[in-house]
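Thank you all for coming; I would like to walk you through one structure this morning, chain by chain.

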Amino acid sequence: MSTLELKQVTKSFGATQVIKGIDLAINHGEFVVFVGPSGCGKSTLLRMIAGLEPVSTGEVRIDDAIVNEVPAAERGLAMVFQSYALYPHMSVRQNLSFGLENLKTPKPEVERRVAEAARMLRMEQLLERRPGQLSGGQRQRVAIGRAVVREPKIFLFDEPLSNLDAELRVQMRVEIGNLHQRLGNTMIYVTHDQVEAMTMADRIAVLKDGRLEQFGRPLDLYNRPANLFVAGFIGSPRMNFLNGTVKALGSEGVKVALDAGGEVSVPCQFQGIAPGSAVKLGVRPEHISLKDAGGDVSLSVSITEQLGGESYLHGTLPSGETLSVRLAGQTRVVRGDTVGLGLADPALRHLFHAETGLALPPLT
Amino acid sequence: MINSTDVSSFLTRKRARHGFDWTDVLSYAYLALGVLLVALPIFWMFMSSIKSPRALVENDPRLLPHEQLTTPSADGSRSHGVFLWTKPDGSQVDVGFIGPRGVNARVFEIGKPAEIIEVPRSQIVRKEVVQPRWENYSEPTIGSTQSRNFNFLRYFWNSTFVTVVATLLTLVVNAMAAFALSKYRFRGRDAMVIVIVSTLLIPPTVILVPLFITVSSLGMLNSLWGVIIPAIATPTGVFLLRQYMLTIPDELLEAARMDGASEWKIFWRIMLPLSLPALSVLAILSVMWRWNDFMWPLIVLTQSEVFTLQLGLSTFKGELNDNMHHLLAMTVLTLLPVTLVFVVLQKHITTGIANTGLK
Amino acid sequence: MADTSIPTPSRAPANLVGWLWGKLGDVLDGPFRALQRHIGANRMAYVFLAPNVLVFGLFSFWPMLLNFYIAFTGGQSVILAERPFVGLANFRELLDCPSWLDPKTCPVAGFSFWTGIWNTLFFAVVQVPIMIVVALVTALILNRDIRARGFWRAVYFYPVMLSPVVVAVIWDWVLKRRGILNALLSDGVDGWNAFVGSNLFVPILAGLSGLAAWAFCQRLLRDRPVWLKLVGTGLGALVIAFILTSFRANLAFEPYRPINWLIDVRSGWPMFWVIFVYTWGHLGFYMLILLAGLQAIPKDLYEAAEMDGTSKSRAFWRITLPLLMPTMIVVLVLSLIRAFQVFDEVYVLTGGGPGQATKMIIQHIYESAFIGDAKRYGIAAASSMLVAGLLLILTLGQLAATRKKAGG
């Protein structure tokens with residue numbers, strides 16, 4: 001069992017606090033992705049778990065043992081770096097075996113593990129080459145291989161795909177997923193790309209400014225974002241936010257008068273709001289539909305993007321707010337048209353406190 | 001590497017837009033003059049070093065090493081110089097020279113050593129052949145004269161020992177310090193860096209006396225270690241290596257740390273191999289410094305058995321003039337290793353020094 | 001699974017050095033690893049720093065402090081406890097002169113000190129500008145579109161690799177009274193005189209002046225017809241040839257008498273050759289640095305200037321020199337500091353002679369402390385302090401001046 005637990009972990013560089021108290025528990029065998037905009041502290045958090053960065057306050061526990069003072073090498077983790085950090089003066093084989101030799105692993109065992117990792121990652125032919133003679137994807141595989149041979153309790157990945165082109169990235173995503181399937185180890189993966197997070201993770205931890213915004217399964221994050229930030233961060237294209245005022249509270253939920261005109265009702269609980277409170281309505285572009293007559297709002301279209309299989313409309317509402325719509329298939333709407341829109345099925349609408357940004361929980 | 005079949009294109013290929021103009025002529029003339037100025041003195045010394053002692057004493061200004069032919073005397077006990085005698089009738093014959101008598105010279109014809117004749121000295125000219133005298137090189141090194149006043153092999157060994165040991169120590173000691181100063185965060189690090197950089201400006205020559213007293217109180221006078229140790233911690237070296245190590249990504253060290261390497265192993269197996277370009281520049285500089293070093297050995301070493309080559313040469317030069325042939329030959333031998341190193345590593349040395357701005 | 005593993009290729013012979021390197025590292029790893037376990041990874045920095053700090057402290061920092069103490073003590077002992085404190089006596093002996101400009105009025109130590117100071121100052125003030133200008137010209141030429149640049153650069157740099165002793169021996173041999181230089185000059189003078197007196201003088205002179213006149217007319221009458229250039233050439237050649245032939249008798253030199261370049265007391269030749277030889281030995285280094293500085297100037301700047309119609313000379317003054325300034329400052333500071341410490345070449349070449357004509361300040365320090373029966377360490381240390389102070393002022397002043405210039 002390899003579980004990882006963070007308890008009120010903080011990190012300060014001088015006077016600036018970059019990690020502001022994070023609690024997190026990761027189960028054995030889970031694939032967890034830390035995601036967030038750059039500067040949110042996700043890499044620092046990973047390095048603290050790895051032992052490369054000392055923890056300012058709080059506890060890091062691996063298998064229920066506090067490891068704050070345990071050196072990186074002895075935590076039983078392996079890490080894949082963003083720049084791969086392959087030793088440029090060593091062959092691939094030496095790169096793979098360097099760590100094992102440091103641990104005084106017997107020679108036959110070293111060779112067995114290197115051969116196994118090479119076979120698993122399909123790089124048997126590359127073993128005598130140097131990193132400089134490899135392509136980006138090959139280097140990436142060697143970097144993963146270097147982690148694999150260590151047979152670590154937990155794998156750590158620090159934005160490992162950010163240096164690859166789009167096609168390779170998709171391919172490596174699949175490979176890492178397969179690796180997780182096969183090894184069944186706990187993996188922690190840092191990225192700023194929410195698509196990577198959504199596709200790979202068992203659970204996603206969304207971070208912002210050193211705080212944990214939400215931690216949950218990918219679809220939970222998509223369906224029930226805890227706040228404005230998560231709602232905006234997860235999903236592409238971004239969720240639309242419309243300002244409005246609470247008009248009435250009822251058993252069906254909340255009735256909101258939009259600044260853009262029209263009224264919508266959202267089936268959610270209403271702690272902390274009263275008629276007259278400022279709220280934000282969140283609607284994903286893919287949940288908006290065209291209404292020939294009498295939609296919730298009307299949009300004057302400024303850009304139409306036709307991708308063939310799907311189409312996007314971007315435009316302005318009467319209130320001046322911008323809105324994006326994703327339509328299946330192709331559309332006849334062109335720039336300059338004004339169209340009526342239906343703002344999603346009520347169950348797919350999200351309502352947030354305008355001030356705190358917190359989501360109002362749905363009616364159950 | 002000018003292709004000789006291509007001289008005309010070489011002369012005209014300059015500056016495609018303007019063709020070959022007079023500034024190019026001037027440039028090449030200037031460069032050629034400079035090369036002459038550099039090469040001629042060295043070449044002249046080399047040519048002189050294979051001349052016979054007599055040619056040197058007589059300051060024979062000819063470039064090639066001329067040596068007079070000799071012929072054995074009647075009893076074979078000694079040899080006489082050969083002259084070419086132009087008789088009044090215009091015929092010429094080789095004669096052996098016995099000695100002068102007034103304006104005449106007593107000579108004998110080759111093959112007839114018993115018949116001594118007198119001829120006017122104006123009628124004879126020395127008969128010479130071009131012959132390098134390699135004994136100038138062999139005598140002081142492997143010959144019998146070596147132990148007398150210029151123990152070349154001893155000095156050569158001392159110089160080599162100092163150069164090799166000092167360079168190795170310089171590399172290790174400075175690389176360790178540069179590693180600490182470039183890859184760790186600790187109290188006093190920035191102060192250390194400032195101290196080291198500022199001592200770059202303090203000339204070592206102004207601490208001669210206290211350094212001498214320190215070395216002598218440690219009992220290192222007349223010991224090669226007294227030459228080696230004081231200068232192994234060069235601020236130049238630390239500075240140069242640190243600047244290079246700063247460019248090595250920290251992620252590599254972190255990867256090694258995750259791989260369970262100790263700090264020493266990171267230094268030895270990751271840092272040193274990756275710093276090879278900077279290390280080789282420092283190695284070349286150190287070899288140059290140590291091989292050519294003069295003042296500090298001059299102060300620390302006073303007994304001739306611990307002399308370095310430079311000390312031996314300068315002492316030998318100061319001593320006497322009649323050993324010029326040996327002095328010149330030994331000077332050539334002294335500059336030879338440096339020259340070989342330079343010829344082999346020329347590109348490396350010039351670019352390395354140009355990039356670091358250090359000597 | 002071990003059986004199916006890929007066989008380890010043999011890398012023993014090719015990687016012998018690497019293998020030894022690894023083994024040596026492993027052997028040393030034991031104690032260092034134990035130490036690291038004891039004190040923690042981050043404090044290993046101090047361990048890595050220790051040898052350097054130890055040597056540096058003992059042989060650089062401590063002597064710097066010690067120098068102050070020795071400067072205020074007398075006697076001839078190297079044991080500090082046996083050196084009596086004499087206060088400012090050493091400094092008084094160096095500085096207490098009626099006139100510093102005239103060292104002869106000073107006591108013995110002061111005479112030697114001030115002779116060295118003035119010689120060194122003269123040496124530095126003359127040598128540094130000459131060397132920088134020559135190095136700059138050479139670097140500029142090498143920075144042109146030149147064939148075999150690497151070769152030229154290597155040749156110019158080669159003397160830097162030679163030891164000062166070797167350089168001195170080489171030039172001593174060239175400059176002997178009956179050395180090659182005097183022989184060449186003598187031959188040159190004789191040859192010239194023979195040429196002036198020979199029948200070839202007039203035709204060769206006419207040919208040369210014709211060529212000169214032609215080149216001159218080519219530039220001056222660039223856009224005029226050919227016949228005008230020819231006429232101009234003829235006229236010019238006649239004028240030059242006439243002037244030169246009428247002074248023919250004056251063109252012959254006196255017969256050449258060999259000069260004792262390094263020993264002639266009354267002439268300035270010894271100092272000239274000291275400067276020349278030193279420059280010969282060090283020029284290549286500064287040339288190399290300036291060349292690197294020149295090559296660091298982006299080529300597109302010149303292309304932009306060319307598009308703007310900037311002339312070559314203007315490009316030199318307004319682009320090359322300003323952008324080369326940082327390198328020039330480095331070169332200036334380095335060469336001045338080195339010039340002030342000149343010792344090896346001069347000591348071996350002239351021994352400071354003839355008389356005291358080429359005695360430099362470092363030689364004064366060296367001889368005070370280490371030559372002769374009286375080992376006057378105190379005087380040497382006091383002199384060192386004064387020189388260090390001078391160098392410090394010089395460096396700081398120079399840096400301040402250049403900074404002000406750059407800032408304004």
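Before I come to a particular residue pair, I need one definition: two strands are said to pair if DSSP finds at least two bridges between them. Please also keep in mind throughout that this is a predicted model.

With that in hand, let me begin in chain A, with strand 3, residues 31-35, and strand 8, residues 186-191, which pair in the parallel sense over five bridges. If you look along strand 8 of chain A, you will find that A:Thr191 is the residue that stands opposite A:Val35. These two strands belong to an open sheet of six strands in chain A, whose order is 6-7-8-3-9-10 and whose pairing is mixed. At the edges of this sheet are strand 6 (77-80) and strand 10 (211-216) of chain A, each of which pairs on one side only, and the twist from one strand to the next averages 15°.

Chain A has another open sheet that I would like to set beside it, made of five strands in the order 13-12-11-14-20, and here the pairing is antiparallel. Its edge strands, again pairing on one side only, are strand 13 (263-266) and strand 20 (350-353) of chain A, and the average twist from strand to strand is 40°. Within this sheet, strand 11 (residues 240-250) and strand 14 (residues 278-283) of chain A run antiparallel and are joined by six bridges, and A:Asn243 stands opposite A:Lys280 in strand 14 of chain A.

Chain B, for its part, is divided into domain 1 (4-49), domain 2 (66-130) and domain 3 (145-356). Here four residues of domain 1 of chain B are in contact with four residues of domain 3 of chain B, and the domain 1 side of that contact comprises two nonpolar, two polar and no charged residues.

How many residues does each chain bring to the contact between chain B and chain C? The contact takes 77 residues from chain B and 82 residues from chain C. Several helices of chain B give two or more residues to this side, including helix 2 (22-49), helix 5 (152-183) and helix 12 (276-292), but helix 15 of chain B gives the most, with 13 residues. By class, the chain B side that touches chain C has 50 nonpolar, 19 polar and eight charged residues.

Finally, chain C itself contains 16 helices and zero strands. Its radius of gyration is 31 Å, whereas a compact globule of 408 residues would have a value near 22 Å, and the C-alpha atoms of chain C fill a box of roughly 95 × 85 × 50 Å along the principal axes. Of its 408 residues, 33% count as buried, and, among the contacts in chain C with a separation of 6 or more, 65% are between residues 24 or more positions apart.

Note on methods:
Residues are numbered from 1 along each chain as its sequence is written. Chains are lettered from A and ligands numbered from 1 in the order in which they are written. This is a predicted model: local features need pLDDT of at least 70, side-chain atom pairs count only at pLDDT 80 or more; totals for chains, interfaces and linings use all residues. Helices (H or I, at least four residues) and strands (E, at least two) are DSSP runs, numbered from the N terminus. Axes are lines fitted to C-alpha atoms, for helices over the stretch in contact, and angles run from 0 to 180 degrees between N-to-C directions. Domain bounds come from an automatic or database domain assignment. Two residues are in contact if their C-beta atoms, placed from the backbone, lie within 7 Å. Ala, Val, Leu, Ile, Met, Phe, Trp, Tyr, Cys and Pro count as nonpolar, Asp, Glu, Lys and Arg as charged, and the others, Gly among them, as polar. The radius of gyration is taken over C-alpha atoms; the globule rule is 2.2 Å times the number of residues to the power 0.38. A residue is buried if 20 or more other C-beta atoms lie within 10 Å of its own, exposed if 12 or fewer, and partly exposed in between; C-beta atoms are placed from the backbone.
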